[in-house]
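Dear colleague,

Please find below the structure that I am handing over to you.

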Amino acid sequence: MKRVIFKSIVALAVISLACVLYGLLIEPRQLKIRQVAFVSDKYSGPEVRIGLITDIHIGGMHVPPDRVAKLVRDMNALNPDIVLLPGDFIDGHIPHEDKSDAFNDAVMSGMSHLGALQAPAFATLGNHDAWYGAAKVQELLADADISILENSVAIFEGLCLVGLADYDTATPDKSAFLECPQDVHPLVFTHSPQAYESFRSDTVLAVAGHTHGGQVNLPLIGRRVNSTRLSAEHSYGFSELRGVDVFVSAGVGTSILPVRFRSPPEIVLITLQPAPE
């Protein structure tokens, strides 16, 4: 009996160690290319292919500058009509003035690769960008020819793109929707889905990141930690908040702990289609 118990303990220890090593060294380096279709009865325009890259966390353990270049190549290969970038471009919690020259050089190099996106690209900032320095990140985005929508809008293909500011480090401003023409429905993007109270009811779709898909998705327990006050069902994929359809991506990088488990990094192509008449 003692031998059986000993072998069970050893087996459990080996499995646990394997899971930790997988979560630390393997899964965070993967990239899933997710393609989903979304049919909306709030939208009547042509099909739109929406690329989504969120939570890159440049400078993190698994995101050197050349990985950003690969993300861009993979997104370009999907041939999106637009690319949305809802924040957390930078890793860490320290202002850029206090970061090392090597870290800041890596950030500049990684951000410059975003300039190779072939489709029109639009960005909002995330909480990590604010901690690094919002003005600095906006400067780097502008240098990469990325349009920044912070509580502001742009019109694209019969949609009013509404970029809302980060919920945790800024204030999402619902008055941004007033800039949308009356006959053009909003497509919202913002860093955290926690900003849902600022979504207008006629929003076609809202996309966000921030949760990392829970980052660790344990069997039976699920995606319990998502850095919001929302329930686990809003950690990843499609859900609904106050009558608005929302899509949350797992993003690319990691935060706090450099691990992912059953929540692999991803970029997403959402094909928006009108509902059949």
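The notes that follow concern a helix and its packing, a disulfide, and one isoleucine.

This is a predicted model, in which local features need pLDDT of at least 70 and side-chain atom pairs count only at pLDDT 80 or more, whereas totals for chains, interfaces and linings use all residues. Residues are numbered from 1 along each chain as its sequence is written, and side-chain values use heavy atoms, with hydrogens and water left out.

Helix α3 covers residues 101-113 (helices are DSSP runs of H or I with at least four residues, strands are runs of E with at least two, and both are numbered from the N terminus). Its 13 residues should span 18 Å at 1.5 Å a residue, and the 19 Å between its end C-alpha atoms agrees with this (the expected span is 1.5 Å times one less than the number of residues).

Phe103, Asn104, Ala106, Val107, Gly110 and Met111 of α3 are buried (buried is under 20% relative accessible area, exposed over 50%, and partly exposed in between, with a 1.4 Å probe and protein chains only). Viewed down the axis of α3, these buried residues fall within an arc of 155°, so they line one face of the helix (the arc is that of the directions from the helix axis to the C-beta atoms). The face turned away from the buried side carries the exposed residues Asp101 and Ala102.

The buried residues of α3 pack against α2 (65-77) and α4 (127-143). With α2, the packing angle is about 10° and the axes are 8 Å apart (axes are lines fitted to C-alpha atoms, for helices over the stretch in contact, and angles run from 0 to 180 degrees between N-to-C directions). That makes α2 roughly parallel to α3 (a term for angles under 35 degrees). Pro65, Val68, Ala69 and Val72 in α2 meet Ala106, Ser109, Gly110 and His113 in α3 (contact means heavy atoms within 4.5 Å).

The structure holds one disulfide (a pair of cysteine sulfur atoms within 2.5 Å). It joins cysteine 160 and cysteine 180, with sulfur atoms 2.1 Å apart. The torsion about the S-S bond is about -80°, so the disulfide is left-handed. Cysteine 160 and cysteine 180 are both buried.

Finally, isoleucine 148 is found in strand β5 (residues 147-148) and, at 27% relative accessibility, counts as partly exposed. Leaving aside residues up to four places away in sequence, isoleucine 148 touches Ala123, Gln138, Leu141 and Ala142.

With kind regards

How values were computed. Parallel < 35°, antiparallel > 145°, perpendicular 65-115°, else oblique.
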